[in-house]
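Have a look at the fold, then read on.

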Amino acid sequence: MPRHLYIHVPFCARRCAYCDFAIAVRRVVPVAEYVDAVARELAMRAPDDAPWEVDTLYLGGGTPSMLGADGVARLLDRVRERVRISPGAEVTLEANPENITPESVRAWRAAGVGRLSIGAQSFDDRVLAWMHRTHDAERIVRAVEHARGEGIEDLSLDLIFALPESLERDWERDVRTALSLEPTHISLYGLTIEPDTPLGRWRDRGAVTEAPEERYERDFLLAHDLLGAAGYDHYEVSNYGRAGHRARHNSSYWRHVPYMGVGPAAHSFDGASRRWNIAAYAEWARAVAAGRDPSAGAEVLTGEERAAERVYLGLRTIDGLDLDDAMARRVLPWLDTGWATLSGTRLRLTATGWLRLDALAADLTLVGSR
């Protein structure tokens, strides 16, 4: 059994303007129904006689913190019926600032949560309203204070960059404000406009224009410089951590090791094949209630696909990728342009190289396939 478990909690109070994730908008979260459904799926994935211990457990979404103080505790109690969470395991809960109170943090910590990933996105109230976020900047600050006050010190903040220039968002101010809160980890994501989202519809009718590539690059490199100067390790294209605070669960994806996903739209990987669940919450819940496997599909990766993923995943982290002779010859021009460094046979992309990650990974994959 894999040592890494992801549980998808799909519930949200509203859909953010940019979101195309598998979510279920609910005013009242059906906690009991959801927790029971997760327990049923876990029973399918882990028979009673199969010992299963995990080193990381990640509750993602959606907005897992909408389960509330008791809901998260009930979920983890049911998880422990099938899974042993190892001593020192990383247990992460994604949380929106408005759900983080002293009472909720106290309950989450007692249940075993040791790390919060907080969806801040911006510290500009005008921008947060445009995104359809349900919190303001002051609420982010209070959430960090509440978390630390109740004993959870391992905190990650999410921010979104490369917003439309018409918003006149001050990206440097947002990064510096995040730094002033001294989180252990920061994740930065460039805005992409997906078609079936409010933002996609705004673009289609001409109300919004995507930020140009130059703005994306400028924001990315500014954050790289500011966070590096503040002592954060830019260890993956979108992630920064203080020493000893790399996201262990997410790092399992980039290392291409097996993981299990439970819940609507969750993905699993066993080292050779990938499986994914039904995305719609109601349909997933009906399937598991009826005792049916909620898988929606699966694929066995070919040797070429595994090689391509090894290249892509290796290049996206600071640990880099080991090259064969043909690949090593191919990347020599990258060294001259400052896109990469080469130490022996180990290639590592620089920040400017990461801006070209997709193209560089495709190029190396093509060389490796010849």
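Which residue forms a salt bridge with glutamate 236, and how far apart are the closest N and O atoms? The partner is arginine 316, and those atoms sit 2.5 Å apart. Keep in mind that this is a predicted model.

**Salt bridges**

- The Glu236–Arg316 pair links distant parts of the chain, 80 residues apart: glutamate 236 belongs to strand β9 (residues 233–236), while arginine 316 is in the loop between α11 and β15 (321–322).
- Across the whole structure, a search turns up 26 salt bridges.
- One of them joins the side chains of aspartate 124 and arginine 126, at 3.3 Å from N to O. Here aspartate 124 counts as buried at 16% relative accessibility, whereas arginine 126 is partly exposed at 43%.
- Another brings together aspartate 174 and arginine 173, with 3.9 Å from N to O. Aspartate 174 is buried, at 1% relative accessibility, but arginine 173 is partly exposed, with a relative accessible area of 44%.
- There's also a network of salt bridges, which links Arg3, Glu53, Asp55 and Arg84.

**Aromatic pairs**

- The whole structure holds 12 aromatic pairs.
- Among them is a tilted pair of tyrosine 34 and tryptophan 284, with 6.0 Å centre to centre and 40° between the planes.
- Tyrosine 34 lies in helix α1 (residues 31–45) and tryptophan 284 in helix α10 (residues 281–289), so this pair ties together parts that are 250 residues apart in sequence.
- Tyrosine 34 is buried, with a relative accessible area of 0%, and tryptophan 284 is buried with a value of 0%.
- For tyrosine 253 and tyrosine 259, the ring centres are 4.7 Å apart and the planes are at 70°, so that pair is edge-to-face. Tyrosine 253 is partly exposed at 25% relative accessible area, while tyrosine 259 is buried at 13%.
- Ring pairs also gather Phe11, Tyr34, Tyr281 and Trp284 into a cluster.

**The second largest pocket**

- The second largest pocket has about 250 Å³ of space.
- It is lined by 13 residues, and the closest to its centre are Trp254, Arg255, Leu313, Gly314 and Thr317.
- By type, the lining of the second largest pocket splits into four nonpolar, five polar and four charged residues.

Conventions:
Residues numbered from 1 in each chain as written. Heavy atoms only, no water. 1 Å grid on protein atoms, 1.4 Å probe; cavity = no way out; pocket = protein on both sides within 12 Å on 5 of 7 lines; lining within 4 Å. Points joined across faces, edges and corners; volume = space filled by probe spheres on them. Nonpolar A, V, L, I, M, F, W, Y, C, P; charged D, E, K, R; others polar. Phe/Tyr/Trp six-rings, centres within 6.5 Å; stacked < 30°, edge-to-face > 60°. Helix = DSSP H or I, 4+ residues; strand = E, 2+ residues; numbered from the N terminus. Buried < 20%, exposed > 50% of the residue type's maximum accessible area, 1.4 Å probe, protein only. Salt bridge = Lys/Arg side-chain N within 4 Å of Asp/Glu carboxyl O.
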